[in-house]
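Please look through the structure shown here.

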Amino acid sequence: MNEAIKQSLERVIRRFGGGDGVFATAIDGLLLMRSTVAGVPNHIVYRPALCLVVQGAKQVIAGREVLHYDAGQALVVNVDTPGIGQINRASDDVPYLAIHLDLDVALMRDVMAQIDDPPRPRVGQRGGMFVADIDDAVGDALLRLVKLLDSPRDIAVLHPLLMREIAYRMLTGANGDRMATLALPDSHTARIAEAIRRLRNDLGRTVRVDELAAASGMSPSSFHQHFKALTSMSPVQFHKNLRLLEARRLMMAEDAGVAGAAYRVGYESASQFSGEYARLFGVAPGRDAAAARRLPSGGEGSETV
């Protein structure tokens, strides 16, 4: 199955012009990636998605958690999480190949409601992202999704059906209990996901954990515990990372100055911003932005899978 997906992936990427890069497709939420370069860390916010490695290997660092995944394995992301992605195995002869597919939470919930004996999260289950082996059922559905790119006129009709099948296969497969944390509307994961949405929509505001906890229907201590279990970070650290990632995007994508980017994400002190930025990214913000502008189009910052 993995060989068939690889051949389909290579064929589609050649049609896009080949080479390295992240390739947006005619299917909403489906991205394809090819890279012959390993070892370059990339700071991004991972969104709910299935990120399948078809060839090569990769790792993601989120907080103190390090996740490795190889060909035939996928990173499954349940909640928006800042992380550092790094391809560990890629070369000119054997390039890294991957598929990124956004997960539709509303669709997952709708499919789960139709399952007679739906999965339930295990007590004490941790992690807003995890690595899973992709079984033949999910792999076959993903293969048909990629092949659908060969028949653009069929996408409107068959894409929704394939997305429902993928959701069903994931919910009823070996990791159904972990997928259920995403699909249950009143789960701790769903509540934390809503709190994260609030944080992302108001980056300039000072974090008040008690307010987030109250809005999530939890005590501050319970909220902090569940938040850290999902993201491997405290709410304050999570918010800080979101701010710094957005400031970096502003400097690189919108050509904002260091002070302007710092102010727009809520920093009042440029020196504090520069210090925290350097601790996260390993380089001062001005120098980082200048180096990124020298990269060719499609360089760091575009990789999501």
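Predicted model: local features only at pLDDT ≥ 70, side-chain atom pairs only at ≥ 80, totals over all residues.

**Helix, strands and cavity**

Within helix 1, the buried residues are Ile 5, Lys 6, Ser 8, Leu 9, Val 12 and Ile 13. Around the axis they cover an arc of only 170°, so they lie on the same side of helix 1. Helix 1 takes in residues 2-15, 14 residues in all; at 1.5 Å a residue it should span 20 Å, and because its end C-alpha atoms are 20 Å apart, the two values agree.

The next element to find is strand 3, made of residues 42-46. Strand 3 is mostly covered, with four of its five residues buried. Its partner is strand 8, residues 81-89, and the two run antiparallel, joined by five bridges.

The model has one cavity of 30 Å³ or more, and the volume of the largest cavity is about 30 Å³. Which residues line the largest cavity? The lining consists of Leu 103, Asp 104, Leu 107, Met 108, Met 163, Ile 166 and Ala 167. By class, six of the lining residues are nonpolar, one is charged and none is polar. Two helices, helix 2 (105-113) and helix 4 (155-172), each supply at least two residues of this lining. Helix 4 gives the most, with three residues.

Definitions and conventions. Residues numbered from 1 in each chain as written. Heavy atoms only, no water. 1 Å grid on protein atoms, 1.4 Å probe; cavity = no way out; pocket = protein on both sides within 12 Å on 5 of 7 lines; lining within 4 Å. Points joined across faces, edges and corners; volume = space filled by probe spheres on them. Nonpolar A, V, L, I, M, F, W, Y, C, P; charged D, E, K, R; others polar. Buried < 20%, exposed > 50% of the residue type's maximum accessible area, 1.4 Å probe, protein only. Pairing = 2+ DSSP bridges. Expected span 1.5 Å × (residues − 1). Arc of directions from axis to C-beta.
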